[in-house]
Amino acid sequence: SARVSSGPWLSLSSDLFVAGKMKKKVLLMGLSGSGKTSMRSIIFANYIARDTMRLGATIDVEHSHVRFLGNLTLNLWDCGGQEAFVGNYLESQRDHIFRNVEVLIYVFSLDNPETKKDLHYYQACIEALLQNSRNAKVFCLIHKMDLLPEDQRDKLFAQKEAELKQCSVPLDVTCYKTSIWDETLYKAWSSIVYSLIPNIKTIETHLTAFAGICEADEVVLFERATFLVIAHATTRPHHDSHRFEKISNIIKQFKLSCSKAQSQFQSMEVRNTHFAAFIDQFTANTYIMVVTSDPTIQAAATQINIVAARSHFEKFIAHQSAASPTGVL
């Protein structure tokens, strides 16, 4: 059976989580109607895809703050894409908008007929970043992929990705194909958040140690509110590369169903003849999932290990938050 640890397996080094309370400025940009606010509402405001139909256009810039791992805060600027606002961003508000940016997320919609105008706006954003935030990371979301037949999606995405990489030089750009109707949205946003967490490899090292103690096939850390994947450790290969995002989507929908029934989601155990999966609250800002395939591992042993790890992570985060100054944009 799996070993039960009282805690010494985890050496809580000072670089495990974010050093200091940090704010990361994230720009969400793209022409009006590209789907920026819909995706933001699904990820951060618990909307389901069909409910985004009633969302109106974003007026100027809408700000929101999302807290991750206790210390890291995303300062998300959802920038309206109407022509008058775009002109202001690039002229009178240029320094204000593009200064101290950690990440630019630009959304290209496949149903936008003004592709040249869209590309021109994107290139202007790249120029503004080069002047004000040269070290910013750039992500492009090729959105509304559901409008294309499945057999055409990869080819069009590859063409668009090549075009964007060429016109983004000297900045590197990472592209994702997305849709609000499947798990691709969670894949893209999880990857973006992952890129913002300092010392993420250290977190994954400790998750790997925890997986060894539990004799788990996989351990996954999710952000509590959004259920985006923060980090994971895998000890046995799995054929489905999109499994984390699918789980994010499923659990997020289940949490919403619980809320409508005036109940609160806390934990879940799923078991069949092939595996057992435990999803439980971990720290104040995370959930953890532990997957085991060994039938001899007792559920109680896995749950005890989760509790032991939780107390160590919580103590560390509390210590860091108390000792660290607040980051300023």
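Me: Which residue in β11 does Gln281 stand opposite?

Reply: Gln281 stands opposite Tyr287 in β11. One thing to keep in mind as we go: this is a predicted model.

Me: Got it. How do β10 and β11 pair, and over how many bridges?

Reply: The two strands, β10 and β11, run antiparallel and pair over six bridges. They form a hairpin, with four residues between them.

Me: And on the β9 side, how many bridges are there between β9 and β10?

Reply: There are five bridges between β9 and β10, again in the antiparallel sense. β9 and β10 also form a hairpin with four residues between them. As one example of the pairing, Ser267 has Asp280 of β10 as its bridge partner.

Me: Is β10 mostly covered or mostly open?

Reply: Mostly covered: six of the six residues in β10 are buried.

Me: Which β10 residues point which way?

Reply: Ala276, Phe278 and Asp280 point one way, while Ala277, Ile279 and Gln281 point the other way, and all of them are buried.

Me: Nice. Switching topic, how much space is in the largest pocket?

Reply: The largest pocket holds about 520 Å³. Its lining has 21 residues, and those nearest the centre are His238, Arg243, Ile247, Phe275 and Val291. The elements giving two or more residues to that lining are α8 (243–260), β9 (267–271), β10 (276–281) and β11 (286–292).

Me: Which element gives the most?

Reply: That's α8, which gives five residues to the lining of the largest pocket.

Me: What kinds of residues make up the lining of that pocket?

Reply: The lining divides into 11 nonpolar, six charged and four polar residues.

Me: Then which residue has a positive phi near 60°?

Reply: Gln262, which is not a glycine, has that phi near 60°. You'll find Gln262 in the loop between α8 and β9. Glu215 also has a positive phi, near 55°, and is in the loop between α7 (200–214) and β7 (218–223).

Me: Why does Gln262 count as exposed?

Reply: Because its relative accessibility is 78%, and exposed means over 50%. Glu215, at 35%, therefore counts as partly exposed.

Key. Residues are numbered from 1 along each chain as its sequence is written. This is a predicted model: local features need pLDDT of at least 70, side-chain atom pairs count only at pLDDT 80 or more; totals for chains, interfaces and linings use all residues. Side-chain values use heavy atoms; hydrogens and water are left out. On a 1 Å grid over the protein atoms alone, a cavity is a set of points where a 1.4 Å probe fits but cannot get out, and a pocket is an open set with protein on both sides within 12 Å along at least five of seven lines; lining residues have an atom within 4 Å of a point. Grid points are joined across faces, edges and corners, and a volume is the space filled by probe spheres set on the points. Ala, Val, Leu, Ile, Met, Phe, Trp, Tyr, Cys and Pro count as nonpolar, Asp, Glu, Lys and Arg as charged, and the others, Gly among them, as polar. Buried means under 20% relative accessible area, exposed over 50%, partly exposed in between (1.4 Å probe, protein chains only). Two strands pair if DSSP finds at least two bridges between them.
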